[in-house]
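Here is a brief report on a protein structure.

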Amino acid sequence: MNFRKTQILQLFIVVISTLLMVSCNKTRDYKSSSRATGWKMNAKEGGFQHNPDAKEQETGPGLVFIEGGTFTMGKVQDDPMHDWNNTPNQQHVQSFYMDETEVTNLMYHEYLDWLKTVFPPEDENYKNIYKGALPDTLVWRNRLGYNEVMTNNYLRHPAYSDYPTVGVSWIQAVEFCNWRTDRVNEMILEVEGITSRDARYNAKAGETFSTKTYLNAPTQTYGGNDSITRGGKRSESLAKRSKDSTNLYVQRKDGLLMPGYRLPTEAEWEYAALGLVGLRSYNVYRGRKKYPWDGQYTRSGARRSRGDQLANFKQGDGDYGGIAGWSDDGADITAEVKSYEPNDYGLYDMAGNVAEWVADVYRPIVDDEFNDFNYYRGNVYTKNFIDKDGKVKIVTADSIVYDTLSNGKIIARDLPGEIVQVPVDENETYLRTNFSKSDNIDYRDGDRSSTRYYQSFGDDDESEEEDSKRMYNSPKHQVSADSSGTMDRQYDKDASRTSLVNNEVRVYKGGSWRDRDYWLDPAQRRYFPQDMSTDYIGFRCAMSRVGSKSKKGKRPTH
């Protein structure tokens, strides 16, 4: 009997010990101590500094959250145009954020006003910075049409403030995204008390805030000046962290600064446009969804809005909006943003109004055999320029590099205050299996230079023999400007050119006010030169999601 009591007692002790161990493992808090070493973190005496209270990523201004997933990219419907450039393939995209509307004229005005204030165009050193960002208002002109009212008013008049901006090239759209990143992060630092109040309003050329500069060389932010003048008094422009006992500048590990605004990839844009989150059917999963809304028609089937058009597009020859007084879509050119219902992600005008630039370089085939995760063609890997003293090189007013585009427009490669970027070299690529060079645009696209063992010998310029072996034998116009600004335009008149596709053409997605409903399908894809613009292509920004896939950071329960 005593032996049995002893066994029961031992069993009881084992059970209690196990429960205590499980409980301890579940409740042990590693926020203040290291899971690896047990050392105390954020100690005043020193040691590793960590922000245990960092929250999940905040949603940036203008953005909505898009939870990632798998979808059928490409067109499953009939292809009457016989382009065969959108063959269906299975893709997966990570969660990200996207602008709920296209970038509007008002948003772009804010950008232009900032450039004009910081880099006065009357200053000879900066005149091409502002001019290079201006949208091309002449895109509205038509040889046999009277559109001067849009040429003169669409960009500037307040009546069009909330209309999508057009006349913006792909390159200009990218520069807007970069500017937006810096302004949002600059505001975050000010709100947190890390930079001086209103320092952003007192920045001068060469003393502007750059996110990359702040993260890599914080003492060089605002031109390296530790004070600014306001109202005749000088005050600190770049304070250090008042809440951090180590007195460090904010770093990426603090979780305060946002990832950069950018153009969405083609896969992201198409996934977001389909709005699959609101539907759970096999046909939708297999790519049967034709529009951003549910159904196979462009008119509403709801009782209260039955018969109304769901997007702004061209109804037919000579019909851009319908009969006066009984308009089909309420617009003849572009429409004010949010004029139509959003899709299930809360995104407006993902079909119609204006087509939109995406990040990808165009190729007729999406190479899903090589990659089916976050697909993107256009990677050009760069790194910060490090001088002989081991410091990053910052662009100054005297070191701005300007590029002359194929259409003769002059743009600044980098703005003062930003870090000079250079291509990655063997230090980053040696013995790697995932990438071997800086420019990967041509990778696996059939071009001879994309093959693994290709080497180019001789001068940098292609010889006639090498040029004839290029798969995408597009015209090669030569445009340059002399010291006086006079343009020398040399058009390629070679009759042997067989394609308009090259490494400088970008994909644009979605139909526009000029397009028939065929182009409203998110799977449709077209291309246009990255340095040119039209009256029907606009853009919206995206931002990568860091951390958990879902908004709450928890796995869904079923």
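## The model

This is a predicted model, in which local features need pLDDT of at least 70, side-chain atom pairs count only at pLDDT 80 or more, and totals for chains, interfaces and linings use all residues. Residues are numbered from 1 along each chain as its sequence is written, and side-chain values use heavy atoms, with hydrogens and water left out.

## Helix 2 against helix 5

Helix 2 spans residues 105-118 and helix 5 spans residues 170-191. Helices are DSSP runs of H or I with at least four residues, strands are E runs of at least two, and both are numbered from the N terminus. The two helix axes come within 11 Å and cross at roughly 75°. Such axes are lines fitted to C-alpha atoms, for helices over the stretch in contact, with angles from 0 to 180 degrees between N-to-C directions. Helix 2 is therefore roughly perpendicular to helix 5 (65 to 115 degrees).

Helix 2 brings Met107, Tyr108, Glu110, Tyr111 and Trp114 to the contact (heavy atoms within 4.5 Å). Helix 5 brings Gln172, Glu175, Phe176, Trp179, Arg180 and Arg183. By class, 6 are nonpolar, 1 is polar and 4 are charged. Ala, Val, Leu, Ile, Met, Phe, Trp, Tyr, Cys and Pro count as nonpolar, Asp, Glu, Lys and Arg as charged, and the others, Gly among them, as polar.

## Cavities

The whole structure holds 7 cavities of 30 Å³ or more. A cavity is a set of points on a 1 Å grid over the protein atoms alone where a 1.4 Å probe fits but cannot get out; lining residues have an atom within 4 Å of a point. Volume is the space filled by probe spheres set on the points, which are joined across faces, edges and corners.

The largest cavity has about 130 Å³. Helix 3 (127-133) gives the largest share of its lining, 4 residues. Tyr111, Gln172 and Glu175 are among the lining residues. The second largest cavity has about 90 Å³. Helix 5 gives the largest share of that lining, 5 residues. Trp114, Glu175, Trp179 and Arg183 are among the residues there. That lining has 5 nonpolar, 3 polar and 4 charged residues.

An open antiparallel sheet has 4 strands in the order 1-4-20-7. Strands pair if DSSP finds at least two bridges between them. The edges are strand 1 (63-66) and strand 7 (261-262). Strand 1 is joined to strand 4 (residues 96-99) by 4 bridges. Phe65 stands opposite Tyr97 in strand 4. Helix 7 (residues 266-274) packs on the sheet and touches strand 1, strand 4 and strand 7.

How values were computed:
Parallel < 35°, antiparallel > 145°, perpendicular 65-115°, else oblique. 1 Å grid on protein atoms, 1.4 Å probe; cavity = no way out; pocket = protein on both sides within 12 Å on 5 of 7 lines; lining within 4 Å.
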